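The sequence and structure come first.

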Amino acid sequence: MPSTPNLPLDGPAHSAIIPSKRSSFDASSPHRQQFEFGSHHYGPETKRPRALGPSAPEASTMSKALGKRPAVVSLTQPTRSPFEPNKGAKKLIVSRLRTAPRPDNLEHYYQRRRNELANALAAIFKQQQPQQPLETLYRGVEDLCRHGAARELFEALRAQCEAYLNGPLQHAIMTDGGSSNIDMLRAVHKHWVIWNAQSTTIRSVFSYLDRSFLLNNRDFQQINDMAIALFRKMAFVSIQSSSSGPGAKSLAGMCDLIDYDRRGDSRFDPTLLRDAVSMLHVLGIYGKSFEPRFLKATSAYMYAFAEELSAASLKTYISACEKLLALEDYRCNAFNFDSTTKRQLLDEAHLILIYNYSEKLLDSGSIGKILDDNSVESMKALYDLLRLSKLQKRLRGPWEDYIKSTGSAIVNDTSRGDEVVVRLLEFRKALDIMVRDAFQKDDDFAHGLRQAFDSFINDKKIMASRSTGTSRVGEMIAKYIDMLLRGGLKTLPMSLLSDVQDRVDAEKSGQASTGDEDAELDRQLDKALELFRFIEGKSVFEAFYKQDLARRLLMGRSASADAERSMLAKLKSECGSDFTRNLEQMFKDQQMARDEMVSYKAWREGNGHTKSKLDLNVSILSAAAWPTYADTQLILPDEVASQIEQFDAYYVNKHTGRRLTWKHSLAQCVVKASFNRGSKELVVSAYQAVVLTLFNYTDEPMSYQQIAERSGLSGQDLDRTLQSLACGKTRVITKNPKGKDVNPTDTFVVNKGFSDPKVRIKINQIQLKETKEENKETHERVARDRQFETQAAIVRIMKSRKTMTHSNLVAEVINQTKKRGAVDTSEIKKNIEKLIEKDYLEREGSSYTYLA
């Protein structure tokens, strides 16, 4: 079996390091270094000996053959050891090994780096590009820091920056600063911007120093903080000691810019001010140096401003203060002032402008002028100003005083008595708008408004203007509601109609849109009821409302039946069912009267009565529910009298025990009249119809006395009737001599030349007007009824208590009669005296005893 030849080896593979054949080194290269390990020596001239054995092709073939069969090991011959210490490579060469230079070369290298950095800083300070690349400079800083020269490097950097700032830069600032404070501010900011750019470049070069040495060193500032501190020291450190330094003049320049802005000076530079504030924030001197100086200047300006305007009107003062505060607030926000500065500034302004001048701002006379002008903007500004100093509650006193004085003047103005309620409602609407828009719906002012209205409406001095002591306002409110229910919205002035905000509020509250006529009428009735609520004694309102309702129902003058019933429901909700019982009965009587007429006409047809040319309609009224009317003598035409007698017989026969009393003063007729230019239908009262029919029997003029004898009218009734026919807008008869008044010597004749574009003409307005005598009688009746109510209350109380002291009796009477309105203690005392005279009570010292 053939043996495999042994291959001699150079030794273990790990016993030598074989250099790469790619690199060849010159023996003189400074980077070449020889390493010796024991007795082995490796050099550049020594080559590794080749192993003895077959040639390369043979070895390759043998290697492939051996790889195809298992190896054969000779067990009879000894194996040669692969370890041969005296053979193999003797030297190792390492390429490009970095070695430490000799000490003299090292110091030269570091010094060169220091010089390069110093030259680079000098170039940066001159706003030039350094000769060395920034990366090279960065590596130099890194080498110096690694060499342990970080502290020395930082101190050199700081010294060079400080020398530059205190030298060339400061000199440039003083040169560019000029003579004015604003020029100095502009120069400081200009060189601050330059220094910012320079320090940015410096930070990039020395960033290794910043991150390695300065970052965790508490004894030294980082480069950015050092740059800021050095500039601050150069420009602003001597502010307190020198007023001519760049820092002091810069701060003064900022205050000058703000003063220019306040006075509207064209020299104001907003960009410079904004940049200057930002500079102070970065330098960290805003709060310590600028803010106190700015607030001091602001305080002086505010005092001068207030003193200058102290003699102006309140409206002018409010407007100026509002504008000034708005501008100060805007400036603080627009120019990045601190929030603490803004708060201190506004607090100082509120103290100087508002608190110190609170007497001027709360002057009742001046506030009254603003309210008279209905200046919502000025009042809102005043309210907002006072609220800033928490003084808005003190405005309620002048607010109520104005309402009381103005309201009393309106009620006491006898020359415009018919306009009292309209003027009060206009006044109330203006005040409501003021509360809504100026006082931001403040409940205190709304409550003050109600209290003031309650005060002047129930003022005893106003009530004493009438001999009866009854409420004049109650009468006027009743007449205003009558006007609304007769004429609708067309009778209202435009100033009382809802505005846009009222409509929005109504829709939000779930009510119908006030753009709808019925809803608007309903809202106007509610406004009238708001005045009605203030009245303590509602008896006067009830009496006049009942009279007006009777006229509307009997003459068919209601604008809306729904509005009538809605008003009745509101009164019932407000005053209770006792108040509206008679009013509800009036509506029931109207319905019963219509049913009665249907029955009467059916009876006539059933009994074979011929159809008359006269169409009679009768309204049967309950005497207890309706107002009382005086009986008058009237000579009716025969045909009318016959129809009335027939209905009277029918009604008495149908309703046993009842009796009819005819009230001709409330009757109305439609009369057909023939004139030269055609026929007309005249809607007239019964009195007017009787007078007109008298002219059917003669074409000759009739004297005043003849008309009185033939009609049965006399006195004021006849005068008013003739005046309405001969002296009004519609003159169907002519008076001789002409004039507005009727005299007993006048004569009257038919105006045959009368003409009018309408076919049906209403001339019965006289029935709707109330005479002075009727008005006075109504007030007297209310006063009498009030006395009877008071006396009845006294008797009821004494009957149950038997004995009471005077003060306790008066208090109890007031408590029991307050639902119908407050009774004056003097009136209670008078009624007690009357009951003593009637032997209902007996006086025993300071007490009363019940006798009956």
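The text below treats salt bridges, a charged surface patch and some backbone features.

This is a predicted model, in which local features need pLDDT of at least 70 and side-chain atom pairs count only at pLDDT 80 or more, while totals for chains, interfaces and linings use all residues. Residues are numbered from 1 along each chain as its sequence is written, and side-chain values use heavy atoms, with hydrogens and water left out.

**Salt bridges**

The structure holds 43 salt bridges (a side-chain nitrogen of Lys or Arg within 4 Å of a carboxyl oxygen of Asp or Glu).

| Pair | N to O distance |
|---|---|
| Asp522 and Lys570 | 3.1 Å |
| Arg581 and Asp578 | 2.6 Å |
| Arg786 and Glu789 | 3.2 Å |

Asp522 in helix H22 (residues 517-534) and Lys570 in helix H24 are 48 residues apart in sequence, so their pairing ties together separate parts of the chain. Lys570 is buried at 17% relative accessible area, and Asp522 is partly exposed at 26% (buried means under 20%, exposed over 50%, partly exposed in between, with a 1.4 Å probe and protein chains only).

Arg581 and Asp578 are 3 residues apart in helix H25 (residues 577-606), about one helical turn. Arg581 is partly exposed at 48%, whereas Asp578 is exposed at 57%. Arg786 and Glu789 have a spacing of 3 residues in helix H30 (residues 772-801); Arg786 is buried at 16% and Glu789 partly exposed at 28%.

A network of salt bridges links Asp261, Arg262, Glu328 and Arg331. Arg331, in helix H11 (residues 314-334), is buried with a relative accessible area of 2%. Beyond its neighbours within four places in sequence, Arg331 is in contact with Ile258, Asp261 and Arg262 (contact means heavy atoms within 4.5 Å).

**Backbone features**

Most residues other than glycine have a negative phi, and most peptide bonds are trans. Lys441 has a positive phi near 60°; this residue sits in the loop between helix H17 (420-438) and helix H18 (443-457) and is exposed at 53%. Asp839 has a phi near 65°, lies in the loop between helix H32 (825-837) and strand S10 (841-844), and is exposed at 54%.

The peptide bond joining Asn736 and Pro737 is cis, with omega about 0°. Pro737 is placed in the loop between strand S6 (733-736) and strand S7 (747-750).

Technical notes: Helix = DSSP H or I, 4+ residues; strand = E, 2+ residues; numbered from the N terminus.
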